[in-house]
Amino acid sequence: MAREFETEPGTRIRGECHWQPAPQTRPTLVLVHGLEGSSESGYMLGLAERAFSAGWNAIRLNQRNCGGTESLTPTLYNSGLSGDYRAVLFELIERDSLSEIFFAGYSMGGNLVLKMAGELAGGAPPQLRGIAAVCPCIDLALCADAVALPENFVYQWHFVRSLKDRMRRKAKLFPGQFDLGPMARVRTLREFDDVITAAYCGFRGASDYYARSSALRVAGEIRVPTLVLTAQDDPFVPFASFSDSALTGNSCIALTAPQHGGHCAFIANDNGGERFWAEARIMEFCRQVSEDALNRAEIQEAPRK
């Protein structure tokens, strides 16, 4: 069922919710897609199906303006809007009485859920049990520079064309609010972020946007179990960003980085039904964290002899 979450006054994001019977008794996995994706992206559908088949609730969120939701907010989406997912988290706790909530994000979505966890730091509610991020763009400036490399021309062309098309739709829905003139000279992601994202999202420019919105800035503050999956051959999420001490020095973060996998692909040998390696690792991680929490609770509740 579709559901709209109000993340701030005048702004809603839509989630596709797959509830188990008596959902309060089941763990919940909330999914966040990447740049120009949606709740209908293949990896979102695949992971949600795997979670639901395992007896979990699954929620596929659309970021602001994505999945045909441009009319739900006068604002744009960007990599710094971790507050949207914090709002979803607290609504699920307060309105739905969910006691075990995990977030999984891909690429841009991975940055957002890691940033949320870092900002919550030691104040994260106990219902937030864990975070999983696949190929997260934790250093946005490095990623923008990587996308601009000649060998990544196809990625850059796809993202820029899609972002421009979205802005044209947005401008029609909110006449007079957006000046699309500067967009004509945009050829790269960094240029788009400089003249559109920064201009309409409160940043001084692309560099300011990247610096303030990168999860790496707060990753050292994460205090919930966290899994980061990335590939050393990811074409536009440089592996160097994962050697930062904010990650390597945080005992709450487990990094798994195979040599191959590309960007959010991780196709596995089809043995034992494990076609998509990252989906299997996320569910394995979430189940283990959930079981560990249950075991601790049982030990604490056991009568003392």
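Predicted model: local features only at pLDDT ≥ 70, side-chain atom pairs only at ≥ 80, totals over all residues.
Buried here means under 20% relative accessible area, exposed means over 50%, and partly exposed is whatever falls in between, with a 1.4 Å probe and protein chains only.

Residues are numbered from 1 along each chain as its sequence is written, and side-chain values use heavy atoms, leaving out hydrogens and water.

Ser39 sits in the loop between β3 and α1; helices (H or I, at least four residues) and strands (E, at least two) are DSSP runs, numbered from the N terminus. What does Ser39 touch, leaving aside its neighbours within four places in sequence? Its contacts (heavy atoms within 4.5 Å) are Glu16, His33, Met44, Leu45, Arg60, Leu61 and Asn62.

Ser38 is in that loop too, between β3 (28-32) and α1 (42-53). At 14% relative accessibility, Ser38 counts as buried. With neighbours within four places set aside, Ser38 is in contact with His33, Met44, Asn62 and Gly67. Ser38 also has a polar side-chain atom 3.0 Å from the backbone nitrogen of Glu40.

Over in helix α3 you'll find Gly109, which is buried with a relative accessible area of 0%. Beyond its neighbours within four places in sequence, Gly109 is in contact with Val32, His33, Gly34 and Gln63. Val160 is another matter: Gly109 and Val160 are 51 residues apart in sequence, and their C-alpha atoms are 18 Å apart in space.

**Salt bridges**

Side chains of opposite charge can pair when their charged atoms come close. How many salt bridges does a search of the whole structure find? The search turns up 20, where a salt bridge is a side-chain nitrogen of Lys or Arg within 4 Å of a carboxyl oxygen of Asp or Glu.

| Pair | N to O distance |
|---|---|
| Arg3 and Asp96 | 2.7 Å |
| Asp84 and Arg64 | 2.8 Å |
| Asp165 and Arg168 | 2.8 Å |

Take Arg3 and Asp96, whose side chains meet in a salt bridge. Arg3 lies in strand β1 (residues 2-8) and Asp96 in the loop between α2 (82-94) and β5 (101-106), so the pair ties together parts that are 93 residues apart in sequence. Arg3 is buried at a relative accessible area of 7%, and Asp96 is buried at 14%. The two also belong to a network of salt bridges that links Arg3, Glu91, Arg95 and Asp96.

Asp84 and Arg64 form a salt bridge as well. This pair links distant parts of the chain, with Asp84 in helix α2 and Arg64 in the loop between β4 (57-61) and α2, 20 residues apart. Both Asp84 and Arg64 are buried.

An α-helix has 3.6 residues a turn, so residues three or four places apart point the same way. Asp165 counts as partly exposed at 33% relative accessibility, and Arg168 is partly exposed with a relative accessible area of 39%.

**How the helices pack**

Two packed helices are described by the angle between their axes and the distance between the axes. The axes are lines fitted to C-alpha atoms, for helices over the stretch in contact, and angles run from 0 to 180 degrees between N-to-C directions. Angles under 35 degrees count as roughly parallel, over 145 as roughly antiparallel, 65 to 115 as roughly perpendicular and the rest as oblique.

α2 and α3 pack at about 70°, with their axes 8 Å apart, which makes α2 roughly perpendicular to α3. Residues making the contact include Tyr85, Leu89 and Phe90 of α2 and Leu112, Met116 and Leu120 of α3.

For α5 and α6 the angle is about 25° and the axes are 9 Å apart, which makes α5 roughly parallel to α6. Among the residues in this contact are Phe159, Val160 and Leu163 of α5, along with Leu189, Phe192 and Ile196 of α6.

Finally, helix α7 (residues 206-213) has Ala206, Asp208, Tyr209, Tyr210 and Ser213 as its buried residues. These pack against α3 (108-120), α4 (140-147) and α6 (189-201).

Technical notes
Polar contact = N/O pair within 3.5 Å; in protein donor to acceptor, adjacent residues only side chain to side chain.
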